[in-house]
Amino acid sequence: MNQALTTARRPRLTSAFQRLMSVHWWMAGLYLLLFIGGPFMARLSREVSLRGSLYDVHKSIGLLTIALLLWRIVVLLQVWWKKYTRHLPGLSPKWWRNMLLHVLLYGFMVAVPLAGLLLSNSFKAGNVAFFGLVIPDLFPENKAMVDVGRSLHFWLSYTFLSFIVLHTIAQWRVAQANLRRLGDTIKRLRPSGVAPS
């Protein structure tokens with residue numbers, strides 16, 4: 001009876017954490033697209049007709065990550081509330097390192113798109129749209145700030161990427177388990193009798 005009651009309650013107790021992990025992986029996928037697409041589109045010649053559209057998609061995905069970050073923070077606070085109202089964290093050096101790494105990651109999740117907005121808004125007013133819907137400018141048009149915005153966006157992005165690599169190393173067992181689950185899911189979804197290419 002107690003086992004059945006515990007099992008029945010478990011999904012409710014972990015639902016906020018499951019939502020947090022869900023938004024974590026959605027954002028990870030979007031950041032992967034941004035990190036692959038950003039350098040590719042930046043190297044394209046201005047004569048390439050697709051270049052403007054790639055920038056528009058890049059900006060839209062960047063705005064989407066900001067929206068998801070706001071949702072993620074709300075869910076994270078729910079997880080913390082459930083976890084830390086029961087017992088306070090063990091303030092070990094490992095806990096502090098983990099906390100510092102996550103604070104830095106969240107800081108970069110804010111700073112990188114803000115630097116991108118600074119670059120885009122400084123270059124031209126009304127230069128940022130969310131999948132076609134023009135977003136009000138956060139910064140004024142100012143040609144003198146274009147190079148500052150470009151440098152900030154570049155250096156913050158690659159520093160963020162280095163911290164993502166550190167996070168992946170710190171969570172390597174979790175990353176391996178998720179890759180294994182992804183492989184198992186792909187195997188289950190593959191029609192029987194079809195050999196992998």
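# Reading the terms in a predicted model

The protein chain in this predicted model has five helices and two strands.

User: Why is the contact between E141 and K143 called a salt bridge?

Analyst: The term asks for a side-chain nitrogen of Lys or Arg within 4 Å of a carboxyl oxygen of Asp or Glu. Between the side chains of E141 and K143 the distance from N to O is 3.9 Å, and because the cut-off is 4 Å, the contact between E141 and K143 is counted as a salt bridge. In general, side chains of opposite charge can pair when their charged atoms come close.

User: What makes K143 exposed, and what makes E141 partly exposed?

Analyst: A residue is exposed when its relative accessible area is over 50%, buried when that value is under 20%, and partly exposed in between. K143 has 52% relative accessibility, so K143 counts as exposed, whereas E141 has 45% and therefore counts as partly exposed.

User: How do you know that R150 forms a salt bridge with D147?

Analyst: The closest N and O atoms of R150 and D147 are 2.8 Å apart, and because the limit for a salt bridge is 4 Å, the pair R150 and D147 meets the definition. Both residues lie in helix α4, three residues apart, which is about one turn of the helix. D147 has a relative accessible area of 53% and is therefore exposed, while R150, at 41%, counts as partly exposed. A search of the whole structure finds two salt bridges.

User: Why are I73, L77 and W80 called a nonpolar patch?

Analyst: For such a patch, residues need over 30% relative accessible area and no salt bridge, and nonpolar side chains are joined within 5 Å. I73, for example, has a relative accessible area of 33%, so I73 passes the 30% cut-off and is called partly exposed. I73 is placed in helix α2, which covers residues 51–84. Together, I73, L77 and W80 have about 260 Å² of accessible area on the surface.

User: What makes a residue part of the lining of the second largest pocket, and how many residues line this pocket?

Analyst: A lining residue has an atom within 4 Å of a point of the pocket, and for the second largest pocket 38 residues are counted, of which M41, Y55, H58, L119 and H153 lie nearest its centre. The space in this pocket is about 1,100 Å³. Helices α1 (2–43), α2, α3 (93–123) and α4 (146–170) each supply at least two residues of the lining, and α2 gives the most, with 10 residues. By class, the lining has 21 nonpolar, 10 polar and seven charged residues.

User: How far apart in space are A144 and S122, and why is A144 called exposed?

Analyst: From C-alpha to C-alpha, A144 and S122 are 7.8 Å apart, although 22 residues separate them in sequence. A144 is placed in the loop between β2 and α4, and because its relative accessibility is 62%, A144 counts as exposed.

User: Why is G107 called partly exposed?

Analyst: G107 has a relative accessible area of 35%, and because this value falls between the cut-offs of 20% and 50%, G107 is partly exposed. G107 is found in helix α3, and its C-alpha atom is separated by 9.1 Å from that of F160, which is 53 residues away along the chain.

Methods. Residues are numbered from 1 along each chain as its sequence is written. This is a predicted model: local features need pLDDT of at least 70, side-chain atom pairs count only at pLDDT 80 or more; totals for chains, interfaces and linings use all residues. Side-chain values use heavy atoms; hydrogens and water are left out. Patches are made of residues with over 30% relative accessible area and no salt bridge: like charges are joined within 9 Å, nonpolar side chains (Val, Leu, Ile, Met, Phe, Trp, Tyr) within 5 Å. Accessible areas come from the Shrake-Rupley method with a 1.4 Å probe; for residues, only the protein chains shown count as cover. Helices (H or I, at least four residues) and strands (E, at least two) are DSSP runs, numbered from the N terminus. Buried means under 20% relative accessible area, exposed over 50%, partly exposed in between (1.4 Å probe, protein chains only). On a 1 Å grid over the protein atoms alone, a cavity is a set of points where a 1.4 Å probe fits but cannot get out, and a pocket is an open set with protein on both sides within 12 Å along at least five of seven lines; lining residues have an atom within 4 Å of a point. Grid points are joined across faces, edges and corners, and a volume is the space filled by probe spheres set on the points. Ala, Val, Leu, Ile, Met, Phe, Trp, Tyr, Cys and Pro count as nonpolar, Asp, Glu, Lys and Arg as charged, and the others, Gly among them, as polar.
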